[in-house]
Amino acid sequence: MALTGGTNSSGLFSRFWIPTESRAPPSPSPPVAAPPALPHDPPSRRPHLALPLPLTLGEKDSTAMAEEAGRRRRAAVVVLGDIGRSPRMQYHSLSLANQAGMEVDIVANGGSDPHLSLRENPSIHIHEMKSVQLSGISKISGALALLLKAAIQFIMLIWFLCFKIPRPDVFIVQNPPSVPTLAAVKLVSWLRGAKFIVDWHNFGYTLLGLSHGRSHVIVKVYFWFEKHFGRMADGAFCVTKAMQHELAQNWGIKATVLYDHSPEFFRPASLTEKHELFCRLGGSICGAMGSADCISVEVEDKNTTVLTGKIDGGVSLKPNRPALVVSSTSWTPDEDFSILLEAALMYDRRVAATLGEEDSMDEGQLWIDIKNGKQFDYPRLLFVITGKGPDRKKYEEQIKRLKLRRVAFRTMWLASEDYPLLLGSADLGVSLHTSSSGLDLPMKVVDMFGCGLPVCAASFSCIEELVKVNRNGLLFSTSSELADELMMLFKGFPEECDTLKSLKDGALSTGSSSKWSAEWGTNALPLVNQVIG
């Protein structure tokens, strides 16, 4: 990876004064090496390997090899946000480099490191912009702060897209945010003679409407802006059929559905990988968020973690281990995290009632019994919540005030290489995403399926395009419904929980049926080639 910041040698208006024929073709880029093979579970754990394997992100298809014979095309991926928290745009970049054989410039805000495969790819160059923070002005006037922030971001985008990167053949832009990204990229694509594709993840005006209301004048202006400049693009992707229909019927935009699929590094983790991961996370896992809980009382060493034990060089799962439940969140208003907290409290109370435990029972003695190997019909639940966002501290304070016997919470931000391992080590995923527009799907669920992880997901209009009830997951609308599902799935854990095992098989089948590289090669590559012409 090259972290670049030099001026484009041909200049902003190179297409107006340098004939195309006179430009010397760039020297061929070195071939992209395939990533090292990753350890896998035994064949009995991976029945999906009987299926034909799609092209991996580390390989190149015939299109890529043919392009290397002549001038290598170039794409610019634009994200007005943290590229490390934009997995879909990272996957676009990898596919543009490895499947389309293009040089790729990513223009995005810094913050979190993208995946290692992106950082080490010699055909991908990351250009980091600084985030614009106007907290002081926001306290005086929110509207003024929004306008000033948009103006500064517009200037930064023009500067980077015109002067910091070589002229691309095509821009691929994440939406939202729409303001000022769509206008800036449209202007630069005209100035530099490039094409312009919008990848519709959601609608920006609906996200703004969560805080201002759909009838607010700012939201109406944002809607006009998003629709007007969105229609100027040369091509479009979207994430669901429902969104494709909305764009076609009410926006006049013809979009290609490009479903999210996990890349190849999302897969079930081996026992050794689970052990090594939890050895690395030991301090974060064993440290309680408030007072002591059912997890923090366990003592870990180099041979023992909360989930695993290592004896004579062999790793095994503890028979009385807690069930690991993972949720990834951006801690924003379109995910009501209180539902999960209430469901966890209900699970804790219902298990105690089912087992006939008194409210006055000494929880310390219960934890000692569990530590010494005692098993119950219902396991402890360890919720690991990953992600960054504005509401994180608020919910962490609520977690600290909970009094729970068999449930513990941990919040953390993981390295991009550890996140797939955490999903591949978990027993259940939870998605609280409900979508501001009702037309997009949570990518976290796609990643969970890639790791063979079944999901309990909040129900909304198009979620059943992804989550198939009783096949790869369950849906819920209230905290009580989620608590019921937790009770049903984890009764008899870890051995006698047939419903959970069945959903896990379904999730693994869903995740292995198609990977991102296959989806991108079938639906995205033809549009990119058509737009570039």
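**Close-up views of a predicted model**

**View 1. Helix H20 and its buried residues.** In H20, the residues Trp516, Ser517, Glu519, Trp520, Ala524, Leu525, Leu527, Val528 and Val531 are buried (buried means under 20% relative accessible area with a 1.4 Å probe, protein chains only). H20 covers residues 516-532 and bends by about 40 degrees at Ala524 (the bend at a residue is the angle between axes fitted to the seven residues ending there and the seven starting there). After H20 comes Gly533, whose phi is positive, near 75 degrees. Helices (H or I, at least four residues) and strands (E, at least two) are DSSP runs, numbered from the N terminus. The model is predicted: local features need pLDDT of at least 70, side-chain atom pairs count only at pLDDT 80 or more, and totals for chains, interfaces and linings use all residues. Residues are numbered from 1 along each chain as its sequence is written, and side-chain values use heavy atoms, with hydrogens and water left out.

**View 2. Trp520 and the largest nonpolar core.** A nonpolar core is a set of buried Ala, Val, Leu, Ile, Met, Phe, Trp, Tyr and Cys residues joined through side-chain atoms within 4.5 Å. The largest one has 73 residues, of which Leu96, Ile106, Ile285, Leu324 and Trp520 touch the most other members. H20 gives the most to this core, with seven residues. Leaving aside neighbours within four places in sequence, Trp520 is in contact with His92, Ser95, Leu96, Gln99, Ala100, Leu258, Leu525 and Val528 (contact means heavy atoms within 4.5 Å).

View 3. Six of the six residues of S12 (residues 381-386) are buried. Leu381, Phe383 and Ile385 lie on one side, and Leu382, Val384 and Thr386 on the other. Six bridges join S12 to S11 (residues 323-328), and the two run parallel; here Ser327 stands opposite Ile385. Six bridges also join S12 to S13 (residues 407-412), again parallel, with Phe383 opposite Phe409. From S12 the chain crosses through helix H15 (residues 392-400) to S13 in a right-handed β-α-β crossover (with the strands pointing away from the viewer, the path from the first strand over the helix to the second runs clockwise).

**View 4. The open sheet.** Six strands form an open sheet with parallel pairing, in the order S13-S12-S11-S14-S15-S16 (two strands pair if DSSP finds at least two bridges between them). S13 and S16 (473-476) stand at the edges, each with a single partner strand, so one side of each is left without a neighbour in the sheet. Two bridges join S11 to S14 (residues 428-431), and Val326 stands opposite Gly429 in S14.

Technical notes:
Buried < 20%, exposed > 50% of the residue type's maximum accessible area, 1.4 Å probe, protein only.
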